[in-house]
Amino acid sequence: MEEIYFNAAGHGTPDAAVVRRIIEHLELELEVGPTRAYETVGDELEAAHTNAARLIGGNLTHTGFQPSTTVGWRSVIAHLPISGKRLLVAPHEWGEHVHLLKTLAANGGATIELLPQIDFAAPDLSAWQAAMGDDVAAIFAPMVSSVAGIHYPIEAIGALQRSPDTMFIIDAAQALGQIPVDVKKLGCDALVGTTRKWVRGPRQTALLWLSENISHRCPAVHADTLASRDFNISVRLGQGVALDLVLERTVEAIRIELKTRTDQIRAHAEKLGLPILSHTSFGTGAVALRIPKQAHKQIEANLEIAGITVKWPVPQRDEPFAGVDDANNKVMRIAPHLYNTLEQIDALFEAIERTL
């Protein structure tokens, strides 16, 4: 039975060329040993670094690699001076980050403040601007939210007036590979994101970009010093292939192709009367639906029988400040990629409709 996979927002299925490159290097290590194998791929690793910077519009010295979004995020936050400061957090900030901030704030004498919800159809950031002050150490926001795939007005947030000591930290895990990113336009001080989702790289691959401002004000925060010297060479090479493929296809072209798939998902959902969590004007490659709780288990069973994988997020864990919880419904996130066909989307909704 064919597997039908709709979880690119969790882990995009890597292109076959990515997997082959990993295997090729592991086989070389078996043949000549890890040291000699490493000595043969210096140019390829440099090319991967160059392409990581190209993907986000950064430069090499400010761009580095990390094993995951959260690891990169933590490595930045650990060096921020937060004592006696406020930390402003967007409602859709990732749950792991929220929990870490609570611990850091409690131990470091800082205060966490939740920023107001945004009407994404007509963003008004005046309340966010009013929250700014010289006592704000950092602002945290995702470029694209995890549960519903909502595209934040990140450039407008970066353009808000703030102290040079206030760092704007962007989680781009759900953006890289499906949303064009240019750090020069975002007004941020740090951007971190995995390349295992929409970029379709291997697990344990992410990238990090830092502004001159954050490196100047926090001397220990540099892309090279925060990067681990011990990394998996074969996985990095696979990441490099994934970056090559995204840049060759272009993120904008990928975005257009994804829209043909999400448009069909939305049309099916509307036909069945299933509420959609994000409006098309600010939606991305993931579409989140509310599924009646009484139908959840049967739909889940139908999908398993059909070999269809979706994601059932846990909003109170994944985005604890977002207010997405609903006692009567479960959230289903459908995240197609270029490997998914319109016929597969039809099959998904046939399985859902059999229960509803």
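This is a predicted model: local features need pLDDT of at least 70, side-chain atom pairs count only at pLDDT 80 or more; totals for chains, interfaces and linings use all residues.

Visitor: Let us begin with the helices: at what angle do H5 and H6 pack, and how far apart are their axes?

Guide: For a pair of helices one reads the angle and the spacing of the axes together. Helix H5, residues 69-77, packs against helix H6, residues 95-108, at an angle of about 25°, and the two axes are 11 Å apart. Angles under 35 degrees count as roughly parallel, and therefore H5 is roughly parallel to H6. The crossing of this pair is right-handed.

Visitor: Which residues make that contact?

Guide: On the H5 side they are Thr69, Thr70, Trp73, Arg74 and Ile77, while H6 brings Glu96, His97, Leu100, Leu101 and Leu104. Sorted by class, the contact of H5 with H6 holds five nonpolar, three polar and two charged residues.

Visitor: How do H2 and H12 run, roughly parallel or roughly antiparallel?

Guide: Helix H2, residues 16-32, meets H12 at an angle of about 150°, with the axes 8 Å apart. Because an angle over 145 counts as roughly antiparallel, H2 is described as roughly antiparallel to H12. H2 passes H12 in a right-handed crossing.

Visitor: What lies in the contact between H2 and H12?

Guide: From H2 come Ala17, Val18, Arg21, Ile22, His25 and Leu26, and they meet Ile233, Ser234, Val235, Leu237, Gly238, Val241, Ala242 and Leu245 of H12. By class, this contact of H2 with H12 has ten nonpolar, three polar and one charged residues.

Visitor: Now for the empty spaces: how does one find them?

Guide: The general idea is that a probe the size of a water molecule, rolled over the atoms, shows where empty space is left.

Visitor: What volume does the largest pocket have, and how many residues line it?

Guide: The largest pocket has a volume of about 580 Å³, and its lining is made of 26 residues, with Phe65, Ala227, Ser228, Phe231 and Arg236 nearest the centre. Helix H4 (42-56), strand E2 (63-66), helix H11 (223-226) and helix H12 (233-249) each supply at least two residues of that lining, which divides into ten nonpolar, eleven polar and five charged residues.

Visitor: Which residues are closest to the centre of the second largest pocket?

Guide: The second largest pocket holds about 430 Å³ of space, and of the 25 residues that line it, Trp94, Ser146, Gln174, Arg196 and Lys197 are the closest to its centre. Two or more lining residues are given by each of helix H1 (8-11), H5 and helix H15 (315-318). The lining of this second largest pocket has six nonpolar, ten polar and nine charged residues.

Visitor: How many cavities of 30 Å³ or more are found in the whole structure?

Guide: A search of the whole structure finds one cavity of 30 Å³ or more, and about 40 Å³ of space lies in the largest cavity. Trp198, Val199, Arg200, Leu245, Val246, Arg249, Ile254, His337 and Leu338 form its lining, to which H12 gives the most, with three residues. By class, the lining of the largest cavity has six nonpolar, one polar and two charged residues.

Conventions: Residues are numbered from 1 along each chain as its sequence is written. Side-chain values use heavy atoms; hydrogens and water are left out. Axes are lines fitted to C-alpha atoms, for helices over the stretch in contact, and angles run from 0 to 180 degrees between N-to-C directions. Helices (H or I, at least four residues) and strands (E, at least two) are DSSP runs, numbered from the N terminus. Angles under 35 degrees count as roughly parallel, over 145 as roughly antiparallel, 65 to 115 as roughly perpendicular and the rest as oblique. A crossing is left-handed if the near helix is turned anticlockwise from the far one by less than a right angle, and right-handed if clockwise. Contact means heavy atoms within 4.5 Å. Ala, Val, Leu, Ile, Met, Phe, Trp, Tyr, Cys and Pro count as nonpolar, Asp, Glu, Lys and Arg as charged, and the others, Gly among them, as polar. On a 1 Å grid over the protein atoms alone, a cavity is a set of points where a 1.4 Å probe fits but cannot get out, and a pocket is an open set with protein on both sides within 12 Å along at least five of seven lines; lining residues have an atom within 4 Å of a point. Grid points are joined across faces, edges and corners, and a volume is the space filled by probe spheres set on the points.
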